[in-house]
Amino acid sequence: MHARKDSLPASILASIRNRKKRLEAVLAAAKPRAEGTLIASYNVHKCVGGDRRCDPERTSRVIHEIGADVIALQEADTRFGERTGILDLTRLERETGLIPVPVSGMSKAHGWHGNVVLFKKGLVRDVHQIKLPGLEPRGALVAELELENGGELRIIAAHFGLLRHSRARQAQMLVELMADRSEATTILLGDLNEWRLGDSSSLNTLQSAFEAQPPAVASFPARLPILALDRIMSNRKGVLTNVEAHDTPLARVASDHLPIKAVLNLKRVEELTATA
C-alpha cells in the first residue's frame, strides 16, 4: 500500500506561483493610470529580446502597452556603420499617436546615437543634438516641447557609456548644459548605466542640476531586475510622481531592460513656468 502524498510536486507549485506573478503583472499594467502626463524611458536593445530574437513588432507592442505621452528610446538604431532605424515609426504613430522629434543629418537612423524622443500632441520648439564625451559613441537629444494639453517642457534623452570615467564626463557635460538653461522645467531620462552610489557616481554629479531624483527603480536585467540603470529625474521638485518599472510578461522578454515611467504634474509645470 502506497503512502498518500498530501503536497503537490514542486514543479507544479512553481508553475502556479509563476502563473500568479504573470497575472499580477498583467493586472498591474492594466490598472488606471494616474492623472497627468506619462513620461517613459525604454532601452529597446535594438529590438533584440531575452530570447535573442530581433522582433521590432514585439518592441512596438511594449511601447503600445506603456501608453506614454512622451517616451525616450535608447538603442533604436543599428550601432555600427550607417545607423539604420529598426522600428516602424510610421505604424507606431498610426497606432499610438506618438511622433518622433526630428533629428538632422541622419538619413536612415531614427534618432541621434540611438536616442529617439517620441511625443503626442504638441509642438517641437527646438532640438539640440549633443555628442557626449567618452571612448564609446554616445549622445543626448535635447528637445524643447510645447505640449498641447499645457506646459512647456525640456526633455534630455541620454544614453551614458559603460566606462566609469566616461559617465563622469558625460554627467558633467549635462550639468554644464543646464547652467545656461536652468529656468525651464527639464526632465532627464534614459539609460544612465550607473549602478554605483557615492561621491564617485555620475548620479552624484547630476545632483547639482537635477536635485529632484526620485527613488531608484530596478530595471535591469529585464527578466529579474536588480539594477537601477534607467532613470527619470527633474530639475524641479514636485513635478514627477509614480516612478515605476513597466513590468509585464511581454516587457520582460522584449529587451534586456524594462521600461520605466513616471507621471508628470503639468499643473505644477505651468506654475513653475509662470514664475520663471
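**Exercise 1. How many helices and how many strands does the protein have?**

Solution. The structure is a predicted model. Its protein has 7 helices and 11 strands. Of the 276 residues, 47% count as buried.

**Exercise 2. Determine the order of the strands in the open sheet and identify its edges.**

Solution. 
Step 1. Six strands form the open sheet, and their order is β3-β4-β2-β1-β11-β10.
Step 2. The edge strands are β3 (99–100) and β10 (240–245), each of which pairs on one side only.
Step 3. Pairing in this sheet is mixed. In general, strands of a sheet pair through backbone hydrogen bonds, either parallel or antiparallel.
Step 4. Helix α2 (residues 56–66) lies across β1 (37–43), β2 and β11 (260–264), and it runs at about 155° to β1.

**Exercise 3. Decide whether Leu229 is buried or exposed, and describe its surroundings.**

Solution. 
Step 1. Leu229 is located in the loop between α5 (202–206) and β9 (230–234).
Step 2. The relative accessibility of Leu229 is 4%. A residue counts as buried under 20%. Leu229 is therefore buried.
Step 3. Beyond its neighbours within four places in sequence, Leu229 is in contact with several residues, including Trp195, Phe220 and His257.
Step 4. Val217 is 12 residues from Leu229 in sequence, and the C-alpha atoms of the two are 8.3 Å apart.

**Exercise 4. Trace the salt bridges of Arg53 with Asp51 and Asp55, and state which residues form one network.**

Solution. 
Step 1. The side chain of Arg53 meets that of Asp51 in a salt bridge of 3.2 Å, N to O. A salt bridge of 3.3 Å, N to O, joins the side chains of Arg53 and Asp55.
Step 2. Arg53 is partly exposed at 43% relative accessibility, and Asp51 is partly exposed at 31%. Asp55, by contrast, counts as buried at 17%, because the limit for buried is under 20%.
Step 3. Another salt bridge links Glu57 and Arg91, whose closest N and O atoms are 2.9 Å apart. Glu57 lies in helix α2 and Arg91 in helix α3 (residues 89–96), so this pair ties together parts that are 34 residues apart in sequence.
Step 4. Salt bridges that share partners join Asp51, Arg53, Asp55 and Arg58 into one network.

Technical notes
Residues are numbered from 1 along each chain as its sequence is written. This is a predicted model: local features need pLDDT of at least 70, side-chain atom pairs count only at pLDDT 80 or more; totals for chains, interfaces and linings use all residues. Side-chain values use heavy atoms; hydrogens and water are left out. Two strands pair if DSSP finds at least two bridges between them. Helices (H or I, at least four residues) and strands (E, at least two) are DSSP runs, numbered from the N terminus. Contact means heavy atoms within 4.5 Å. Axes are lines fitted to C-alpha atoms, for helices over the stretch in contact, and angles run from 0 to 180 degrees between N-to-C directions. Buried means under 20% relative accessible area, exposed over 50%, partly exposed in between (1.4 Å probe, protein chains only). A salt bridge is a side-chain nitrogen of Lys or Arg within 4 Å of a carboxyl oxygen of Asp or Glu.
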